[in-house]
Structures are given as C-alpha cells and as structure tokens.
Amino acid sequence: MAAARTSTSMPATFVDPNLDNQGVYEIQIAPSNSNIMYMMFDGYVFKTTNEGTTWTETSFAHVTADPNDHYRWYGQKMAIDPNDPNIVYAGRR
C-alpha cells in the first residue's frame, strides 16, 4: 500500500503549513511498475519510485490546478505510458 503524503515524504519546500496548499489534483500508478506513481499537487507534478515513501518534484511547469473545482468529475488528468513508466502526460481543464 502506498504511503500517505506527509511532511516526511514531500520535499521540504512543500511542507510549510502556512502555504495555501490546494491538495492533490491527480495521482496515477504506473501500469508496468506499481512502485512508480505520479501526483499533481498544488499545480506541481511529483514522482515517486518507492510507492510514495518519498516524492520528488519533476521538471513539469507549474500550472493552476484546483482539486476542488467541478472539472474533477470529468475523468483523469494524467496518463502514464503502459510500457515506459518514465513517460507521463499531465493535463488540466
């Protein structure tokens, strides 16, 4: 089972309790390797290779992504290549 997003699993710059964190917008598990997951959190995309024990910020550009908007009901916003877990597509509304 994947670890929860906690202050010990996230990069220190995303742990500040005074930040206006929007929360998790999307999370996906790589079909070819369940240790690898991608998560969009507060408009940033993170990757874990150890089932969520630690998360690393990727080089994706920061976007505005509100996990509480009504678009959350319109399907997934991320997809991972089924053969290569290093290829991920991330979108937003």
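Helices (H or I, at least four residues) and strands (E, at least two) are DSSP runs, numbered from the N terminus. By that rule, this protein has six strands and zero helices. From the N terminus on, its elements run β-β-β-β-β-β.

This is a predicted model: local features need pLDDT of at least 70, side-chain atom pairs count only at pLDDT 80 or more, and totals for chains, interfaces and linings use all residues. Residues are numbered from 1 along each chain as its sequence is written, and side-chain values use heavy atoms, with hydrogens and water left out.

**Whole protein**
- Of the 93 residues, 33% count as buried (under 20% relative accessible area; exposed is over 50%, partly exposed in between; 1.4 Å probe, protein chains only).
- Take the contacts (heavy atoms within 4.5 Å) with a separation of 6 or more: residues 24 or more positions apart account for 47% of them.

**Strand β2**
- Strand β2 covers residues 37–41, and five of the five are buried, so the strand is largely enclosed by the rest of the structure.
- Met 37, Met 39 and Phe 41 point one way from β2. Tyr 38 and Met 40 point the other way.

**Partners of β2**
- Strands pair if DSSP finds at least two bridges between them.
- Strand β1 (residues 24–29) runs antiparallel to β2, and five bridges join them.
- Glu 26 has Met 40 in β2 as its bridge partner.
- Strand β3 (residues 44–48) is also antiparallel to β2, joined by five bridges.
- Tyr 38 stands opposite Lys 47 in β3.
- The hairpin of β2 and β3 has two residues between the strands. There, Asp 42 takes a positive phi near 55°.
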